[in-house]
Amino acid sequence: MAKRRRAGRRPIPFAAEMAALGVVFGDIGTSPLYAFKQGLNAVGGAGVSDADVLGLLSLITWAVILSVTIKYVMLVLRADNDGEGGILALVTLLDLHRSANGKRLFLLVAGLIGGAMLIGDGVLTPAISVLSAIEGLEVIAPALDHWIVAATVLVIMLVFISQRAGTERIGAFYGPVMLVWFLSLGALGVHGIVQAPQVVAALDPRHGILLLADHPLLAGAILGATFLAITGGEALYADLGHFGRPVITRAWLTVAMPALLLNYYGQGANVLVHRDSVRNPFYDLAPDLFEVPLLILATLATVIASQAIITGVFSLAKQAIELGYLPPMRIRYTSEHNDQHIYVGRLNWIMMLACAAIVVSFGSSDRLASAYGIAVAMAMVSTTILFVAYVRRSWHWPLPALIALAGGLAVIDVSFAAANLTKLHDGGWLPVTISALVLVIMVSWRRGLEGLGIQQRRFTEPLDDFVAKGRPPGCAVSPRTAIFLSRGGAVTPVALGRLSELLNVQFTRAVIVSVWIASRPRVPVDERVRVLPLDSAHLRVDVRFGYMQQIDVPAVLGPALYAQGIDPDEAVYVIGHERVMPPDDILGVRDVLSHVFAFLARNAERSVDRFGLPRPRTIEIGYPVRL
């Protein structure tokens with residue numbers, strides 16, 4: 001029987017926060033490499049004034065405070081589904097995946113768009129993070145700048161290859177590195193602030209407002225660059241299940257946020273003193289003696305930045321698979337202590353190839369920055385929409401407070417989203433295209449499963465009717481016990497019906513098992529199995545799993561079968577395998593979605609692997625289904 005994985009937190013708080021630094025904060029923690037630089041370029045590059053520098057720092061400061069600290073850390077992290085976070089956790093909390101119409105359909109679409117955008121972000125984040133760090137060669141060793149793209153691709157490949165080790169091992173290794181990184185960010189920031197202490201005046205939000213007022217035609221570009229400082233904030237919520245809210249909150253407030261703000265202010269102070277440092281304000285902030293060690297540390301940090309979003313994408317994909325919005329993919333559990341630590345191999349390799357292709361295509365972080373941010377901004381808008389709906393439903397805030405919350409969050413998120421939409425023509429089409437492709441896959445799979453269920457009901461009959469008919473005359477009875485998997489507990493499995501109808505074969509004992517995925521991440525052991533004897537030969541068993549639990553049907557089913565006098569090690573598993581046949585002609589959007597579903601169904605993980613069935617004792621019966 002498979003070992004049970006405990007969803008508990010790390011027993012040593014400091015160790016948990018160290019691991020959180022290595023997994024959760026990598027993305028936002030490397031934003032100083034490029035965010036302030038892009039902001040300076042948006043304002044005017046070498047021609048920026050002191051007021052421009054202070055205004056940009058003010059915008060970054062209040063974006064971090066309002067969007068990350070208040071919105072995510074203080075508010076959104078509290079909207080957990082039994083400890084699990086992410087935008088699909090909000091979908092399940094609102095029960096949108098069960099039935100959605102009217103306003104609920106709008107919320108479901110918002111959730112799916114947000115999920116698709118986060119997957120698109122998972123492709124871009126490693127590319128821009130690693131590329132921006134390796135570009136330090138331009139400052140340290142200009143003669144080697146032609147190796148930047150090749151070195152970036154190599155590092156990205158190593159990042160994705162290392163995912164097989166699992167989040168627990170990666171976090172244990174990355175945590176100390178990120179602690180050194182954040183301490184270095186803070187130290188460099190203090191070094192810069194000492195040169196121009198007047199930079200702390202940027203804490204006044206009026207400097208940011210004046211900057212936008214002075215440059216109205218550049219406001220969109222300035223806000224788009226400012227947004228780069230908070231990309232990665234959404235990873236705090238996506239990775240909630242890995243560490244929990246208290247750990248993430250402490251690590252953010254005591255280490256990550258202070259170090260980030262200190263570094264941004266240090267970069268700003270250095271620009272005030274040395275105007276030519278706008279070329280690469282992060283590396284120019286460091287004394288010459290530390291440039292090479294800083295390049296090495298920055299490269300390691302960007303590797304870790306990639307880890308934050310990759311881990312979040314794996315969790316999101318797991319949720320989407322079990323909720324019926326992505327086709328089944330083989331998922332490997334990488335920890336004995338936390339059942340949210342997973343590895344999705346097929347998705348990992350797809351993301352690796354896409355990241356490498358993006359780096360080669362764009363070639364520099366400046367060009368890639370134009371494509372970056374749209375996906376994250378739209379995902380943040382989606383999170384806000386669902387979060388406000390959740391607060392209205394579950395927290396029962398008074399209407400004035402709810403309106404203030406919705407208005408405040410909307411002003412921030414919509415402003416950033418609108419600013420990022422100005423990048424569409426300059427590379428922003430890339431994340432939108434990736435997200436649209438993911439959204440098409442989600443919609444195709446969901447609609448395809450619904451259509452498949454309708455078609456399957458034409459092949460079968462209610463289970464009670466099948467049992468009531470008894471065995472037909474001349475029916476051959478196998479002495480074995482057969483376990484049939486059924487999509488719906490009240491319906492006769494297609495494989496059972498066709499064996500009886502076409503071959504006139506039944507079994508001494510037939511166990512009809514239905515696997516149900518609950519709207520919560522974990523289902524306790526005592527609630528996981530429900531047994532309903534139908535007659536002396538037929539037994540119905542409903543098995544429930546949480547959407548973040550490993551699905552191992554034989555391990556869960558064994559004790560229930562023993563209690564019914566059945567030896568599970570002697571039983572054979574019989575599963576139906578649909579050969580999906582899409583329409584011959586493509587006449588509209590539905591036909592296109594049917595073809596996409598047919599392609600996905602042919603390449604999805606087989607039921608024998610997804611449910612952990614013993615291959616030597618499993619029989620698959622195929623049958624065609626035309627959509």
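Biologist: Which residues form a nonpolar patch on the surface, and what is their accessible area together?
Modeller: In this predicted model, the nonpolar patch on the surface is made of Leu154, Met157, Leu158, Ile161 and Trp349. Their accessible area, taken together, is about 460 Å².

Biologist: Is Ile161 buried, partly exposed or exposed?
Modeller: Ile161 has its place in helix H8. Buried would need under 20% relative accessible area, and exposed over 50%. Ile161 has 43% relative accessibility, so it counts as partly exposed.

Biologist: Where is Gly546, and is it buried or exposed?
Modeller: Gly546 sits in the loop between strand E6 (538-545) and helix H24 (553-563). Its relative accessibility is 0%, and therefore Gly546 counts as buried.

Biologist: Which residues is Gly546 in contact with, leaving aside neighbours within four places in sequence, and how far apart in space are Gly546 and Ala518?
Modeller: With those neighbours left aside, Gly546 is in contact with Ile517, Arg520, Pro521, Arg522 and Val523. Ala518 lies 28 residues from Gly546 in sequence. From C-alpha to C-alpha, the distance between Gly546 and Ala518 is 5.1 Å.

Biologist: Which residues touch the most other members of the largest nonpolar core?
Modeller: In soluble globular proteins, nonpolar side chains tend to be buried together. The largest nonpolar core here has 187 residues. Those touching the most other members are Phe25, Trp181, Phe182 and Trp252.

Biologist: What is Phe25 in contact with, beyond its neighbours within four places in sequence?
Modeller: Two of its partners, Phe182 and Trp252, are also named among the core residues that touch the most other members.

Biologist: How many residues are in the second, separate core?
Modeller: Among its members are Leu463, Val467, Val574 and Ile621. The second core has 14 residues.

Biologist: What is the radius of gyration of the protein, and why does it agree with a compact globule?
Modeller: The C-alpha trace spans about 95 × 50 × 45 Å along its principal axes, and 59% of the 627 residues are buried. For 627 residues, a compact globule would have a radius of gyration near 25 Å. The value for the protein agrees with this, at 27 Å.

Biologist: How many helices and strands does the protein have?
Modeller: The protein's totals are 26 helices and eight strands.

How values were computed
Residues numbered from 1 in each chain as written. Predicted model: local features only at pLDDT ≥ 70, side-chain atom pairs only at ≥ 80, totals over all residues. Heavy atoms only, no water. Patch = residues over 30% accessible without salt bridge, like charges linked within 9 Å, V, L, I, M, F, W, Y side chains within 5 Å. Areas by Shrake-Rupley, 256 points an atom, 1.4 Å probe, with all protein chains shown as cover. Salt bridge = Lys/Arg side-chain N within 4 Å of Asp/Glu carboxyl O. Helix = DSSP H or I, 4+ residues; strand = E, 2+ residues; numbered from the N terminus. Buried < 20%, exposed > 50% of the residue type's maximum accessible area, 1.4 Å probe, protein only. Rg over C-alpha atoms; globule rule 2.2 N^0.38 Å. Contact = heavy atoms within 4.5 Å. Core = buried A, V, L, I, M, F, W, Y, C linked by side-chain atoms within 4.5 Å.
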